[in-house]
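Hi,

Here's the structure I said I'd pass along. Have a look, and my notes on what turned up are below.

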Amino acid sequence: MKTTATLLTALLLFTSTTQAAMPDDVRMLQQRWDQVYFQLEGRAQEDAIGTLTRDSEAVLAAHPDSAEACIWRAIILSSDAKINGGLAARGKVAEARTLLLSADRLDPQALDGAIPASLGSLYANVPGWPISYGDKQKALVYLKQALAMAPDNIDALYFMGDLLRQQGDDAQARELLTKALAAPLRSDREVADIGRRNEIRQAIASLSR
């Protein structure tokens, strides 16, 4: 539903500097996601994320025991919910959570904390009961866990900083968002890094002086 899509203000992307374990077709999903989310707009983006969602289902079917495949399908489903909205959005974010919990059972360390970071982002940004399962306190627990695993990751820092911003803790939000903005660029994720930094700057600009 459109409300779900609108309130998904942070994406589930938790990019990792450790990519060696990912199958090639899962890595390809990641690269395509970067381009679709950060470089496309409007109808082109809506169509492209829909195609990517269908493709991620096939990739997961080919790698059912891959935590990375579960994580990236979850990321793509959540992005589809945000971009396309509609009545299907609620089911997409529900499936995303189920996939992340499955990934946690397969390999809780996958992609350097991607699972708790992604779960934290979901709980922080989907609507709460009775519309969906959003829960700011659960989000904090998961995001603290993600930062314990990867304290300098740009995405974990952004997710936590943005959650604190939503809760009115502008001082701590600014500290974390500034740290996220200073995170080193990743040679294999240039598109994602540029796009994420734009989101971080927007979040910082929204804070009270």
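Before the helix pairs, a word on terms: the axes here are lines fitted to C-alpha atoms, for helices over the stretch in contact, and angles run from 0 to 180 degrees between N-to-C directions. Do keep in mind that this is a predicted model.

First, the overall layout. Of its 209 residues, 52% count as buried. If you take the contacts between residues at least 6 apart in sequence, 68% of them join residues at least 24 apart.

The crossing of H6 past H8 is left-handed. On the H6 side the contact involves Ala-117, Ser-121, Ala-124 and Asn-125, and these meet Phe-159, Asp-162, Leu-163 and Gln-166 of H8. Sorted by class, that contact has four nonpolar, three polar and one charged residues.

The other pair is H9 (residues 170-181) with H10 (residues 190-205). Here the angle is about 155 degrees, with the axes 10 Å apart. Which way do H9 and H10 run, roughly parallel or roughly antiparallel? Roughly antiparallel, because the cut-off for that label is over 145 degrees. H9 and H10 also cross in a left-handed sense. H9 contributes Arg-174, Leu-177, Thr-178, Ala-180 and Leu-181 to the contact, while H10 brings Arg-197, Ile-200, Arg-201, Ala-203 and Ile-204. The residues of this contact divide into six nonpolar, one polar and three charged.

On confidence: the mean pLDDT of the chain is 90, with 89% of residues at 70 or more. The pLDDT is below 50 over residues 1-7, a stretch that has 19 contacts in the model beyond near neighbours in sequence. Residues 9-20 are also below 50, and that stretch has 63 such contacts.

Cheers

Terms used. Residues numbered from 1 in each chain as written. Predicted model: local features only at pLDDT ≥ 70, side-chain atom pairs only at ≥ 80, totals over all residues. Heavy atoms only, no water. Helix = DSSP H or I, 4+ residues; strand = E, 2+ residues; numbered from the N terminus. Parallel < 35°, antiparallel > 145°, perpendicular 65-115°, else oblique. Left-handed = near helix turned anticlockwise from the far one by under 90°. Contact = heavy atoms within 4.5 Å. Nonpolar A, V, L, I, M, F, W, Y, C, P; charged D, E, K, R; others polar. pLDDT = per-residue confidence, 0-100. Buried < 20%, exposed > 50% of the residue type's maximum accessible area, 1.4 Å probe, protein only.
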